[in-house]
Amino acid sequence: MATLKRICVYCGSSSGRKPEYVAAARELGACLVREGLELVYGGASIGLMGAVADAVLAAGGRVIGVIPRGLAEHVGHERLSECHVVDSMHERKTMMYELADGFIALPGGMGTLEEVFEILTWAQLGYHGKPCGALNACGYYDRLMGFLDHCVAERFVAAEHRQMFLVAATAEQLLAQFRAYAPVRCSKWL
Ligand code: AMP
């Protein structure tokens, strides 16, 4: 059973094509507050990043942003509970990783994918046992999940490691999986 206090959310700095993506970000923010969880995220005011942060703040929750200096000047959110301005993207990702007890990817682009896969690669090396999952709004991640099954079939990913990437259609369902999560113990070497 994982004890959760803060959840890191990776998500698009864009809002995406469908209004359902923004709705999912807002619902996740509201759900975090209902479940007594704080948000850790990339500290921006734009796209789904801004939507999830605003939803947490609107519901009376706490938001911790971590943002590199250059980005902070252009897209930094100005009303966060706590904001860490750091010197580099690497510093940002390390701090977000250290602050959070679990990681959720909402729909997003390359930045989101890079962040969530970094966490998964650290998990499969046994560096941490924190839960990590995708909030699959509108089936956004269906094809990525299918591709990961292909990676398993082609024996580049262990089935046990594939299962570490949790997935759910709603925030409640994903957080329930997080709370029940037991870290996978399986060698990386196939
Ligand atoms: P993307 O999915 O490509 O839009 O990238 C979003 C993710 O990468 C976020 O979780 C951020 O941590 C980081 N990121 C990328 N672009 C930005 C940006 N313009 N402002 C803030 N964070 C960004």
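Select Ser 13 and the ligand. An oxygen atom of the ligand sits 2.7 Å from an N or O atom in the Ser 13 side chain. Keep in mind that this is a predicted model. Taken alone, the ligand exposes 480 Å². The protein buries 84% of that area.

Next, pick Thr 112. A polar atom of the Thr 112 side chain lies 2.6 Å from an oxygen atom of the ligand. One of the polar side-chain atoms of Arg 92 is 3.0 Å from a ligand oxygen.

Now show the whole shell. How many residues surround the ligand? There are 17. The closest are Ser 13, Gly 109, Gly 111, Thr 112 and Glu 115. Colour the shell by class. You will find nine nonpolar, six polar and two charged residues.

Switch to a cartoon view. Three helices to select are α3 (69-75), α4 (89-99) and α5 (110-124). Each of them supplies at least two residues of the shell around the ligand. Which helix gives the most to this shell? Select α5, which gives four residues.

Leave the ligand and select the cysteines. A disulfide is a covalent bond between the sulfur atoms of two cysteines. To be counted here, two cysteine sulfur atoms must be within 2.5 Å. By this rule the count is zero disulfides.

Start with Cys 31. Cys 31 is in no disulfide. The cysteine sulfur nearest to Cys 31 is that of Cys 11, 15 Å away. Is Cys 31 buried or exposed? Cys 31 has a relative accessible area of 0%, so it is buried.

Move to Cys 138. This residue is in no disulfide either. Here the nearest cysteine sulfur is again that of Cys 11, at 15 Å. Cys 138 counts as partly exposed because its relative accessibility is 39%.

Stay on Cys 138 and look at the backbone. Where is this residue? Cys 138 is in the loop between β6 (132-135) and α6 (142-153). Its phi is positive, about 55°, although Cys 138 is not a glycine. Most residues other than glycine have a negative phi.

For the last stop, select Arg 155. Follow the loop between α6 and α7 (159-162) to find Arg 155. Phi of Arg 155 is near 60°, a positive value in a residue other than glycine. Arg 155 counts as exposed because its relative accessibility is 69%; the cut-off for exposed is over 50%.

Notes: Residues are numbered from 1 along each chain as its sequence is written. This is a predicted model: local features need pLDDT of at least 70, side-chain atom pairs count only at pLDDT 80 or more; totals for chains, interfaces and linings use all residues. Side-chain values use heavy atoms; hydrogens and water are left out. A residue is near a molecule or strand if one of its heavy atoms lies within 4 Å of it. A polar contact is a pair of N or O atoms within 3.5 Å; within protein, one must be able to donate a hydrogen and the other to accept it, and residues adjacent in sequence count only if both atoms are side-chain atoms. Accessible areas come from the Shrake-Rupley method with a 1.4 Å probe; for residues, only the protein chains shown count as cover. Ala, Val, Leu, Ile, Met, Phe, Trp, Tyr, Cys and Pro count as nonpolar, Asp, Glu, Lys and Arg as charged, and the others, Gly among them, as polar. Buried means under 20% relative accessible area, exposed over 50%, partly exposed in between (1.4 Å probe, protein chains only).
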